[in-house]
Amino acid sequence: MSQQAIRQRILEKLRAAQAAPLACPDAEVFYKESMEDQPTRVERLMLHMKNAMAEVHRSSAADLGSCLNRICSDKQVQLLAVAPELLSDSALCEHLSQQLQMLPVTQCHVDQEALFNTVDAGLTLTHGGIAETGTLVLWSGDESPRMLSLVPPVHIAILHASCVVESLMDMMIREKWSTGLPTNVVLISSPSKTADIQQTLAYGAHGPKQLVVVLVEDR
Amino acid sequence: MKKYGVDNVMANASNQKPQDVYFFCTCLVDLFVPEAGLDAVALLEREGVRVHFPEDQTCCGQPAYTSGQPEEALAVARQQLDLFPEPWPIVLPSGSCAGMMRHHYPTMFKGTADAAKAEAVAGRVWELSEFLVRSLNFNRPDCGQSCSVALHTSCSARRETGALSATRSLIQGLEGVSLKVQEHESECCGFGGMFSVRHPEISGGIVRDKVASIAACETDALITGDCGCMLNITGHAAKIGRPLNGKHLATFLLERTGGKTAAEGKL
Amino acid sequence: MNQPLHFVPSDEFRQRAQAVVENPALQKSFRGAMDFLQNKRLAQFPDDVALQRLRDLGEAIRQYSLSKLPDLLETLEAKLTANGIQVHWAETPEDANRIFIEIAQAQGARAVIKGKSMVSEEVELNHALQAAGIEALESDMGEYIVQLADEKPSHIIMPAIHKTKVEIAELFAERIPGVDYTDSVDELIQIGRKVLRDKFATADIGVSGVNLMVAETGTLCLVENEGNGRMSTTVPRIHVAITGIEKVVEKLTHVPPLLSLLTRSATGQAITTYVNMISSPRKPGELDGPDEVHLILLDNGRTQAYADPQLRSTLQCIRCGACMNHCPVYTRIGGHAYGTTYPGPIGKIISPHLLGLDSTYALATASTLCGACAEVCPVRIPIPDLLIRLRTEAYKNPATAGEAVRGAGSAYSSVAMALWHGWAATYRYPTLYRLFTWCASRLRFLTPRKQGGWTRNHVAMQPAKRRFRDRLNRP
């Protein structure tokens with residue numbers, strides 16, 4: 001049977017059984033606007049992330065370079081894959097390049113070979129954060145490749161405090177996600193982990209063994 | 001329609017203490033554990049309630065219903081619908097049969113000529129412990145020696161009636177009785193009616209663990225409000241040579257509060 | 001070699017179940033695992049009122065989605081296609097495998113790396129790929145372990161839940177070249193990571209399942225903890241997702257409540273490590289991601305469940321596995337005994353639609369109807385009611401069984417039917433009932449000492465000397 005015929009058959013069977021549609025449930029009302037102020041919300045996100053074994057740091061925008069340098073030297077990062085979205089920040093890049101080697105990802109394809117084998121850490125920006133669950137939100141794009149937060153053993157993520165919202169629902173509604181999403185949205189809430197062997201938690205299953213969040217206080 | 005995972009406590013509990021009740025003894029009690037039924041009646045009468053026993057009652061129909069024989073179940077269930085002409089509460093010494101009549105009758109009879117009657121009956125059905133607590137405000141002093149008991153609440157009682165909290169509060173109201181919580185107390189005992197006969201391999205595994213966790217409590221008795229579970233648990237315990245002193249809640253309550261039980265000198 | 005597991009006779013189900021029940025090591029390991037998962041779930045739902053409200057919402061969203069299923073599938077297809085994702089429809093497992101192999105062959109693919117997908121297990125994709133000369137490697141740690149052991153997953157969320165650490169340690173030492181025995185879980189995971197990393201980097205195709213599809217945006221949502229799902233859907237040049245037609249919701253805002261119910265009910269996590277939302281292949285200018293994304297939508301009997309107003313609720317399932325984690329039967333017999341891709345309570349109610357009731361009705365009878373599954377089901381599937389319904393279908397007279405479920409009437413037996421008729425005839429006439437029970441009590445010495453399955457586990461039941469009605473003192 002042709003693809004088209006199979007499709008028709010399935011849809012016809014469903015239509016034959018279809019009754020009147022039910023009323024559409026309003027999921028949005030379930031998520032009430034929280035009255036919390038932004039600093040408290042940010043604290044909650046950081047606490048959740050810490051409890052989920054992410055490493056959390058704070059920095060001002062001005063000190064970001066030295067903060068990242070400290071983190072990298074602490075983790076003995078020698079080769080850092082930097083997301084293109086950060087390369088326009090020349091001050092930051094200069095700062096970083098004083099101490100370590102940067103693998104700028106600018107070609108039409110990420111350097112997969114290097115990412116898998118030699119890169120020590122990936123550095124990315126984040127789209128935002130979710131306080132309710134302690135979650136980073138990353139949107140893919142021309143300057144935001146997906147593998148940097150996934151393949152190297154360490155993922156360092158920069159989160160702006162002003163981009164933290166209460167819930168996923170909150171973010172979806174505020175930013176009108178329903179009008180269009182990028183190729184990939186990924187929510188990250190801890191280092192990669194598994195409990196598949198006798199329910200024993202182990203980190204670094206296939207993704208990063210360490211997740212480092214650098215919270216940038218914007219003021 | 002029954003909703004799983006919400007409190008199924010009776011909504012129509014009235015503040016007025018009823019004068020008359022119907023007693024539906026269940027087929028299991030009638031033939032196998034009459035003492036449980038007699039003690040339940042004695043408890044109710046001692047609270048000043050007139051207990052009416054419609055002689056024509058047989059079985060709620062659950063065995064056929066859960067075995068995938070709805071027509072046979074319906075035929076038997078229909079026989080019970082005319083037994084309760086007065087608007088009195090219908091009390092059962094079994095959470096399982098109470099759950100059947102309260103929650104499954106409306107679904108079973110939906111679309112039949114007896115739908116309204118079934119709804120009306122279902123709305124008056126009470127599990128014994130729930131009736132004692134919520135309708136009769138049962139509160140009698142304990143006059144027994146101090147002892148410890150384990151409790152098993154049947155799954156129907158737990159999920160289809162408000163018997164779980166009612167049974168607990170009845171036992172906790174007895175001063176000399178300490179209630180011990182067994183491991184995995186909320187888990188099914190593995191009875192499941194025909195299941196225990198059709199799948200003895202699996203049923204046996206579940207009741208084995210239930211007996212072990214109750215035995216580990218080393219209590220003086222096992223209390224339950226359902227004779228099916230009781231026969232399953234004590235029947236297995238006896239089979240493996242570690243007998244348990246199983247008692248229906250009605251018997252235990254009556255004996256602790258100074259009533260005369262119907263026991264014939266056996267466990 | 002993995003053997004296909006399409007048809008599992010009921011008597012073998014009982015034998016398999018018995019073998020597990022009588023194995024103390026397995027009993028201990030299932031009990032421990034179930035306790036662990038139950039406690040973790042419980043800790044996520046401290047507020048029962050909030051939980052019940054969220055379950056109401058989850059149920060409403062799933063029922064609403066199903067009520068519009070054909071429309072949503074068409075919207076989804078249009079949106080996905082506009083986004084550049086290629087949509088394929090499969091009525092049977094054979095269709096699904098054929099579609100997959102055609103995609104692979106068109107690209108000359110030799111190696112496939114798989115993220116976790118129960119639907120790929122359902123169609124036995126690995127088996128089909130092997131036959132077509134394509135290597136398929138599982139990358140979820142649990143799936144990798146069971147594949148290495150030539151087994152099938154025994155749980156939909158934790159595939160290797162039946163295996164102990166030591167068994168896995170022995171398996172790794174024996175089957176992975178150059179690996180020495182270690183029973184350190186961290187080391188074992190690092191061994192798996194190393195083996196599979198090379199495969200991610202070189203595989204031609206990555207496979208994944210889908211947890212939810214969003215019609216309005218054309219988005220595939222996947223949840224996972226390990227990162228293998230992201231690897232499979234990001235690194236290889238081609239990504240093929242395979243899932244059942246029922247997994248679609250209309251709106252993006254329908255996703256958060258279902259996600260929250262899913263991860264909390266499944267593993268007791270407020271959220272999984274990764275939630276991966278894929279809406280297109282790599283766009284021009286993007287630096288990574290697959291060039292091609294395909295979605296295979298599988299029917300395989302789901303339209304049959306859909307056609308019946310009661311059985312349709314089976315399709316509300318979001319595959320969290322909470323029903324099996326709380327099932328006294330699953331706890332005793334584990335996942336393999338069922339012989340079906342989906343074990344536990346959900347397996348009992350979905351498998352008859354996938355495989356026919358003739359080979360699966362024994363599963364529907366293997367339940368005490370305790371209701372623990374329905375109590376925890378995040379989308380309120382009335383599982384015990386569905387089990388009763390499936391029993392009813394199985395025991396119908398084949399001549400008049402109808403077509404609601406394939407294989408209806410297959411458990412019919414005229415002897416059993418006669419017994420039930422006899423029972424009903426006795427119990428519907430009070431006079432007959434009284435006569436019967438009077439005889440049973442007065443002639444109690446004639447009660448058989450062997451009472452079939454009952455006396456295997458219990459002392460024989462014996463009627464009382466005098467019935468309740470005889471002893472009740474009534475004027």
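**Stop 1: where chain C meets chain B**

Select chains B and C together. Their contact takes 56 residues from chain C and 55 residues from chain B. Bear in mind that this is a predicted model.

Now highlight helix α20 of chain C, residues 414-428. This helix supplies six residues, the largest share of the side of chain C that touches chain B. Colour that side of chain C by residue class. You will find 29 nonpolar, 14 polar and 13 charged residues.

**Stop 2: a helix pair across the contact**

How are two packed helices described? By the angle between their axes and the distance between the axes.

Show the side chains next. Which residues make the contact between α4(B) and α20(C)?

- From α4(B): B:Glu72, B:Ala75, B:Val76 and B:Gln79.
- From α20(C): C:Trp420, C:His421, C:Trp423, C:Ala424, C:Tyr427 and C:Arg428.

By class, the residues of this helix contact come to six nonpolar, two polar and two charged.

**Stop 3**

The C-alpha atoms of chain B fill a box of roughly 50 × 45 × 35 Å. Of its 267 residues, 58% count as buried. Consider the contacts in chain B with a separation of 6 or more: residues 24 or more positions apart account for 77% of them.

**Stop 3: the two domains of chain B**

Colour residues 20-135 of chain B as domain 1 and residues 147-256 as domain 2. The C-alpha centres of these two domains of chain B lie 22 Å apart. Their contact takes 29 residues from domain 1 of chain B and 24 residues from domain 2 of chain B.

Look at the side of domain 1 that touches domain 2. In chain B, these helices each supply at least two residues of that side:

- α1 (27-31)
- α2 (34-46)
- α3 (62-66)
- α5 (95-109)
- α7 (128-135)

The residues on this side of domain 1 of chain B divide into 14 nonpolar, nine polar and six charged.

**Stop 5**

Show chain A by itself. It holds six helices and twelve strands. Along its principal axes, the C-alpha trace of chain A spans about 70 × 50 × 45 Å.

How many of the 219 residues in chain A are buried? Buried residues make up 46% of them. Take the contacts in chain A between residues at least 6 apart in sequence. Of these, 72% join residues at least 24 apart.

**Stop 6**

Bring all chains back. Two pairs of chains are in contact, and chains A and C share the most contacts. No contact joins chain A and chain B. The closest C-alpha atoms of chains A and B lie 18 Å apart.

Zoom in on chains A and C. Their contact takes 62 residues from chain A and 73 residues from chain C. On the chain A side, pick out α1 (3-17), α5 (112-117), α6 (168-174), β9 (184-188) and β10 (193-194) of chain A. These are the elements that give two or more residues to the side touching chain C. α1(A) gives the most, with ten residues. The side of chain A that touches chain C has 31 nonpolar, 22 polar and nine charged residues.

**Stop 4: chain C, domains and one residue**

Finish on chain C. Colour domain 1 (44-302) and domain 2 (429-471) of chain C. The centres of these two domains of chain C, taken over C-alpha atoms, are separated by 55 Å.

Now select C:Glu102. It sits in helix α5 of chain C, residues 93-106. Is C:Glu102 buried or exposed? C:Glu102 has 12 other C-beta atoms within 10 Å. A residue with 12 or fewer counts as exposed, so C:Glu102 is exposed.

Methods:
Residues numbered from 1 in each chain as written. Chains lettered and ligands numbered in written order. Predicted model: local features only at pLDDT ≥ 70, side-chain atom pairs only at ≥ 80, totals over all residues. Contact = placed C-beta atoms within 7 Å. Helix = DSSP H or I, 4+ residues; strand = E, 2+ residues; numbered from the N terminus. Nonpolar A, V, L, I, M, F, W, Y, C, P; charged D, E, K, R; others polar. Domains from an automatic or database assignment. Buried ≥ 20, exposed ≤ 12 C-beta atoms within 10 Å, placed from the backbone.
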